[in-house]
Every structure is written in structure tokens, then in C-alpha cells.
Amino acid sequence: MIEAAQHAHQAAATGSGKFEVLSGEQARQVEAVAEQIIPTDDLPGARDAGVVYFIDRALKTFASETKPMYDKGLARLNQKTSEKYPGTKSFADATSEQQVELITELSKQGTMVDHGRIGPEESDDFFQTIRMHTLLGFLADPSSGGNQDYAGWKVIGRSPDHSFSPPYGYYDKNYPGWEAVKAEMEKK
Amino acid sequence: MTQGHVSYKPTDEVDFVIVGSGAAGGVLAKELSTNGFRVVVLEQGPYLRPEDFSHDEVEVFIEHQLTNNPKSQPVTFRKTPQDKAKVQPSVMYGRCVGGSSVHFTANFWRFHEIDFVEGSKVGKIPGSTLVDWPIQYSDLEPYYTKVEWEVGVSGLAGASPFDPPRSKPYPMPPLPTKGSGVIFERAAWKLGYHPFPAPMAILSRPRAGRDSCVNCGFCLGFGCEVGAKSSSLAAMIPVAEATGRCEIRPNSYVHRVEVAKGGRATGVVYFDAKKNAHLQRAKAVILAANGAETPRLLLLSANSQFPDGLANSSGMVGKNLMPNSGVVAFAVFDEPLNDYKGFAVSRVLHDFYELDHEKVGFYGGGGMDARFDLTPGAFALSALPPGTPTWGKGLKQAMRQNFTRTLEIFCHGTSLPVETNSFSLDPDVKDAWGLPALRMTYRDHANDLKMMEWMKDRAMELLDAAGAKTKWHAPVGEQEFAVHLLGTCRMGNDAKTSVINTDHRTHDVGNLFLCDGSSFVTSGRGQPTMTIEALAFRAADRITALAKKGEIKG
């Protein structure tokens, strides 16, 4: 588990990561889109988490059927970019402000994944799919190939540990126990 | 294969072949092998060990490491028998040794007295086939106690004033109280309700060579890597294997019960991992394959003697599916709860278990729990407040702020039995083995939707009382997805209206027994696993007695 995560991280860090499904150029575009979905601020974003490596693995495994959607979606996005910003060849080459404009247009085609647990959300919409893969690649256990160095968990405040002792947070810190609370509430 | 354990040849006529190794199959295997019988358990999924369990959401939720895979085993869905069913992932169950008990939440509520007699208490309900069970709570009480002590349940006896009578306290104290439990509990007391520590099938103390819960936070949906979750895999299967009389045979997909001319079951036919078919011979057959696969197997076993499916002279095989109703409310609080740590549920409320139907305008009732059962990816995809931006700075800010501060109130309730709600064989779609796919026909009884609306309102009131500023709920709507698979081969005294008798023996085939969620007559209030296991302990006693008296014949 740890080895796989380290391997993926090294590949990302050196920039020499081999992609098995995406072309190098596609990977550059995917990373740019993912980075707009979860941008870097004072805490890591999609690029730091190696989301593109997760997506490459996804396209080889559980989401292989979405590869044509990526091919078409990325090509369409690049085309939109050059139409809107003549002289700019691809989404990744656009400025961040331009990318925000482009994703704003793209995301209007899809709505937020509604309630219901995580699952194989069938979607024919490129944005919804890359959004779902980006979130999973940012937050799933590093053994999945994303969330490198627990970058995603740093953002949401989840400790990388897998064993905890109570109290866990603010509300259970000084909890006196069920019997004591019951007695107190019954007095009132 | 586990070394040192017994293995039988398919040609060996063992005493019992059990199909399924989950909540019911695991208990039956342990009990019957302990009682001296030679047992083969056929499980369609793999035999995973604690070291195989990961915390990888992708592997577990998307690649279906522990559950049925809709790609190889498609399910079709339709709302009414008039509709044409479409392929749609609408059923989920455990597909590994231990079955759904490996990945369950581990809420272990006993049924109450009302669940067994509600039919006669409320009378005829239009559109529902609600009837009483042929057994009572008192018949099952000793077996509920057995589940708590033998499988391992943590809880506090007497904490809920609504609890039915019990003969023994829990063997272990409750698990620690989480922030969600503290907030929920205080709000509930404030409103005059009676919150209590959740009874959970998770060890709060080391027991029977198993470790206690380490509060890893990957519980619902995941296998337990320390064996603290009281699955059949952790608690029952090792005991069964240690008898030297029970073989667990994984990767064995049973698709027919073999019946001799006189109508006696002679064994079951299964595909091994290489899709080669074998007949495992046995003196008696027990199906514990879950409320979807048990009726499917009976329907797949139709022959000239049983043209409508095996044990189906009543026509009730597959009917009256009850998946339980449910709705969830969410809230975000100001300070961190860090509720991602630990098992899911620490507090429960049973004040709404038995409602006055004339007052509320619907039948049945439910329970509520406070929990946080969302893993990081699932959280970001399904538990951010409505209106949260779907991408960019706003999305990141919401994830950052809310993950440690969110709780859920989960409402669970009855499903009324409706005859057309069912599992049957799809006439067109086949699975990867060429067998007819499972077809689900389901539309909630209007009563159940009314109840969930009512429960949802109570949950929102609780969140108000807790001072939640940001709160919302999932929509209440017709369900198209079933996890609790109940009622599809119901128990009864009348062979014309039920599939099995109170010994779990099919009315039609003398050496064929069914025991799992399909045996249920009513759905309880949303937590069926404990009752599945209590029924299995009881069934094992009944079947043992019949076998010892030489009364299991075709």
C-alpha cells in the first residue's frame, strides 16, 4: 500500500511519471482541469495530490469505459479554448482566469452529484465524470494512486492515522457519560 | 484453502450443504458443525482475510471488492409488474465469506414484540399483505441473547425504556460516545425523548481471541482488519472450521437445487471459479443466500415436477420484498466533531418505534440514530450542503470546513409487505454465467413514504434543538435500491400463503430449509441483521432436533 503510494508520488515529483492510458498532452490537460476543480491555496490542490495519476489508473481499470468521453471532452475543451481565446492552443495553456471562465461554461452542463452514496454514477457528462474522479483521486486512500502524501486529507482535516482514541473532538471532550447526562436531564 | 481444515468431495454425501456464509449461513454452519454434523458451506464470493481488507474507497465501493458486481451480475428494475425492467444496479449484498455481515454498519437492534403481531393489532391495510409472524418475540428472546454473547454485541441493557424484555445483559459495555452522539443525545433529552447508547455488533472489549475496535473510521462498507466487527467471518466461521467437520468452499456459485424424482433434494449444483459445474451431495439443503438470491435459486431450480420453481406451490417465492424505508438528515456544527474517527453510530432513539397510527396517520414506526458513516470521497460527493459550488475555491472551502463538523441523523423504518414487490427472473437479461438475471419489482407503499416524511420532520426538529445553523435532508422518494432483502420466502403455518414453516423447512420439500432475510414476515424498524442471526440460531436448534429424530426426509 505504502510502496504504491510512494511510487506514484515519486513519479509525480520528478515529472517523469509514465501514463498508461492518457497521452502526455492529455495528462497535462487533465491535470489543469483537476487543478481548477480543487485549486491550490495555502493547502494542497489536485496537482499536489497527484490526481492525474489516479485518473490515468481509473481509465485503465474501473472507469475504462469513460476513456472515449475523456478523449472527446478534452478535445472539445481545447477547441473551446482556442475559439474563445485565439492564439491559445489548449486549456492548459490558458491563464487561470481564462480557465475559470471555461470551466464555468463547462460546469453548467452538469449539476452537482445529488444525495446518495458514492457509487458508479452513470453520467454521460464529461465534467461530472472528471469532477467525480478528481474528488476521489484527491480524497481516497493513497493506495488508490491519488491523495499523495495525504494531500487531500490535509485539506479536509482527516488524520492519516488508522487508529484513534476518544475524545475525538469538541463536543465529546468533557462528556460525563450517558448515566450522568440522563440524571441531569431528568432533574430539569 | 485453509490448511488443517476438513475438505469434502462433491460426491461425499454430507449432512448439510449450506448456500451462503453470511449472517445466517455463518451461524448455521457454526451451530450445525458444533452439533456434530458434517457441513459444506458454498459461498459465491472469495475467502478474504483481515489482511485483505483495505481502507481504499475505490476498491471497496467502485470495484466491489466485498459486494456483488453489477457488471458480471446485472440486476434489472421496474416499479410495477406492467413495466419492462431495465438493467439498473438496484441490489447490493455481500459477496465474500461472511456475506453482508463483513461490510455492515453493525447496528444490532432486537425486534420488539409489536413486530411479530402488528398484523392482528392494526388489522387489514389496503394494498398490503401484512400478517403476524407464526412465532413470537418470546420464542426468539433466548436466541437474541445468544447472538449478543456468541457473536459479540456491545450495549447497555435497560437504557431504552422501549426495549423488549431480555434474559441477560449485554456481554460488553457500549462503545465510546462520539460527538454526533453527544449532540444528538442532548437535543433528544431536551425534546423529552429517550436516547440510549447504540447496541452495536462491534467489540468494545477484546473477546474470544478477537481484538476490540481501534476506531479506524472505515467501518460501514468496509471489512474490519482487526476482527472487531462481529461479522460471521470473524465470529462464526473460525469456530465452525475448528470443529473439523465444516468446510467453507469459496468461489462456488450455486445455481440449482437438485431434486430427485420423489421430490427430495439431493444436493446443489454450483460453478467453481473456472465455471465448471459440480453437484455437492447432501442429506439436506439449507439456503441462506440472502433475500434476493434464495428466491432466485428456488426459481432457477424449476423442473417438470416444480414448474413454478422449487418450494413455490404457494406462489409466494420472491414476493413481499421489504427493503426498509430510510431517510437521512445532515447538519454542520461550529466546532470540530472529528466524527470520522470510530465506528458509525453511538446513539439511538426508539421513541417512534411503536406509534399510534390513528394519531400520526400511518402504520409502523421507526428508529433514529446519530452517525457519521462517510469516508472522505463519499463525503465530498454526497454530503455537502445544497448550493455548495461543484468546483473551485468554494468547493474546497466547504470540504475543508465541513468534513470534521458534519453529522447525520439516519431515520430507519418499516416497509409494509406488498405482494407485487418482488424478486423474479428477468426473461431477457443474463449474468456472466448465462443465468437469468435477478429482476426487482418495487414501489414503496404510500404509507411508508408518509412515515419517512414524518420521521424526516422529527430529525429536522432534533437538529433545530441541537442548535444546528446549517441543516438539510435527502429527499424522501420512491426507493429503487435495496440493501435489506426481507420477506421474499416468508414463514407461516399455512402452506398456501407462506414458503417455510416455523422450523424453516419449506412446506413442499421435506429436506430443504431456508433461513435468511427472506424468512421475515415483517420488516421490523430498519435493522434486520440481528434478527436474521437470532432466527439462524433458532433454526439450527430446530433442524438439529429434526435430524436427531430422523425426521429430515424428502
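In chain B, an open sheet of mixed pairing is formed by 4 strands in the order 4-3-15-14, where strands are DSSP runs (E, at least two residues) and helices likewise (H or I, at least four), numbered from the N terminus. Strands are taken to pair if DSSP finds at least two bridges between them. The model is predicted; local features need pLDDT of at least 70, side-chain atom pairs count only at pLDDT 80 or more, and totals for chains, interfaces and linings use all residues. Residues are numbered from 1 along each chain as its sequence is written, with chains lettered from A and ligands numbered from 1 in the order in which they are written.

The edges of the sheet are strand 4 (86–87) and strand 14 (422–430) of chain B, each of which pairs on one side only. Strand 3 (residues 75–78) of chain B is joined to strand 4 of chain B in the antiparallel sense over 2 bridges, and Thr76(B) stands opposite Val87(B) of strand 4. Helix 8 (residues 293–300) of chain B lies across strand 14 and strand 15 (436–441), running at about 60° to strand 14; axes are lines fitted to C-alpha atoms, for helices over the stretch in contact, and angles run from 0 to 180 degrees between N-to-C directions.

An automatic or database domain assignment divides chain B into domain 1 (1–102 + 109–152 + 231–319 + 419–442 + 486–554) and domain 2 (172–220 + 325–413 + 444–481). The C-alpha centres of domain 1 and domain 2 of chain B lie 30 Å apart. Between them, 19 residues of domain 1 are in contact with 24 residues of domain 2, contact requiring C-beta atoms, placed from the backbone, within 7 Å. On the domain 1 side, helix 3 (113–122) and helix 4 (137–152) of chain B are the elements that give two or more residues. This side has 8 nonpolar, 9 polar and 2 charged residues, with Ala, Val, Leu, Ile, Met, Phe, Trp, Tyr, Cys and Pro counted as nonpolar, Asp, Glu, Lys and Arg as charged, and the others, Gly among them, as polar.

Between the chains, 48 residues of chain B are in contact with 45 residues of chain A. Helix 2 (57–62), helix 5 (179–190), helix 10 (376–382) and helix 11 (392–402) of chain B each supply at least two residues of the side touching chain A. Helix 10 of chain B provides the largest share, 6 residues. By class, this side of chain B has 24 nonpolar, 13 polar and 11 charged residues.

Key
Contact = placed C-beta atoms within 7 Å.
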